[in-house]
Structure formats: C-alpha cells, structure tokens
Amino acid sequence: MTTTKKIIFTALTLASTHAMADWSTTVTGASDYTFNGVSQTQNDPALQGSLDYAFDDGVYAGSWASTVDFADDTNLEWDFYVGKYVTLNDRWSVDYGLAYYSYHGDSNSSDGNYFEAYTKVGFANKLGHTEFNVWYSWDYFGTGAKQVIGMVAHSVEIAEGHTLRASFDVSNSLDGDKFMWDVGDKSYYHYRLAYQTVIEGFNVEIAAENTSLDYDSADERIVFSLARTFSL
C-alpha cells in the first residue's frame, strides 16, 4: 500500500488515529486502488480494510488489506506495518516505520512480497500542512531491485470541514537491470489533487491524478472513495 499505497498513510491521518481509542478499524470502498497513480485493480473498484493499534507514546502497529487484480490470479494485497509518530513541537512531526507487503491468490503471488522502510515529516504552517515523505525498499516486489519514492504534499482547509490536498511524487528504480516501470523507464512521476471532507461520519475523497507512464492503468483518472473508521 504507499499514496501511495499505499499504506500510503499521511501524517495527518495518523495524527487523527492517535487521537482516537487504542484500537480502530477502517473500512473503505474505492472506485479504483491506485499505487502512485498506477491502478492495482485494472481500473476497477476496490474494497479495503485496516485494523490498527496505537500506543500512548506514539508507537503504532496494524494491518491493511485490499482487493487487487494482477495479470495472474493475484486478488488480495495484505500489508503489515509498525512505526512511531512523534510530535516534535507545535509545527513539526515525524512518522517512521517499516511495512511488509504480501500478495495472495495465485501460487506465485508471494514472489512479489517485500519490505519497505518509510519516513514522513510533517510541517504545520499558516498555509496548511506540508508533508515530505520517503519510502525505500531493497527488494522491490521481490525483484531484488532497490526502489526509492519521494513525495511532497500540501493540504489546505478551504472552508471548515473541506480540505484540498495536492501531492507530487517520483518513483525511482535504483537497479534498472532488475526492475523498470516501462521499457527504458527507471523512474516516473505522479501528481494528484484531492478534495476531502466528512459527511455523517464518513470520510469522502474525490481525487484527480495522472502519471508520466504511457499505459491504460496509469493514465489520467478520477478516483472516489468512501471510508468509515470505528473505535474498538
């Protein structure tokens, strides 16, 4: 999961999670599941869910799952993560941890399992909330390739309860002989603009996104998601 998947958790989302009860679960329905702009469901809807536990000192652990549709019979992504969210002062925060991505449904699905380390720095300012995020894997999708993803994002509340979040990220394969996103492409960029609000306890997001990749599952699209978080 990262934006990207994503376990793609933002510091803003984690902050709200820590403010809730120790245990929480979230159920999400989305018109598409995109990993840094690339559909993991062949442009079809996805059902997702998570279970999280937050300790008082900012340490958290959890699991996240989503339906997927790969070229083989892989139909489930199931991720696990542990990390720590630290508030440095009234403006700066740091979130760092380790995630494990696993895939299921086909006899070879687990060949794509891999670990990923991440660090996310948040900065609250008069213009909103800015994020500087980095993900690193030393065995990306089980290929043995090193992969780095860097993201800059900014969220601004345009009216009470209504937020716009703009993000730009670049995915880089550091071992092009082992993994490339497209022929000759060891890296690509992804940009996204999302509107977020809460309606009757449901988190609503409508996002427009695109990438520099030239195939159908990574072109421009509108993604809608509806999520509900429950304290346990």
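## Basis

The model is predicted: local features need pLDDT of at least 70, side-chain atom pairs count only at pLDDT 80 or more, and totals for chains, interfaces and linings use all residues. Residues are numbered from 1 along each chain as its sequence is written, and side-chain values use heavy atoms, without hydrogens and water.

## Barrel

In the order 1-4-5-6-7-8-9-10-11-12-13-14, 12 strands close into a barrel with antiparallel pairing. Strands are DSSP runs (E, at least two residues) numbered from the N terminus, and two of them pair if DSSP finds at least two bridges between them. Strand 10 (residues 147-159) pairs with strand 11 (residues 162-173) in the antiparallel sense over 12 bridges. Glu157 has Thr163, in strand 11, as its bridge partner.

## Aromatic pairs

The structure holds 23 aromatic pairs (ring centres of Phe, Tyr and Trp, the last by its six-membered ring, within 6.5 Å; planes under 30 degrees apart are stacked, over 60 edge-to-face, the rest tilted). Tyr100 and Phe115 form a tilted pair, at 4.6 Å centre to centre and 45° between the planes. Tyr100 lies in strand 7 (residues 92-104) and Phe115 in strand 8 (residues 114-125), so the pair ties together parts 15 residues apart in sequence.

Tyr100 is partly exposed at 26% relative accessible area, and Phe115 is partly exposed at 38% (buried is under 20%, exposed over 50%, partly exposed in between; 1.4 Å probe, protein chains only).

## Surface

Trp23 lies in strand 1 and is partly exposed, at 41% relative accessibility.

Note on methods:
Helix = DSSP H or I, 4+ residues; strand = E, 2+ residues; numbered from the N terminus.
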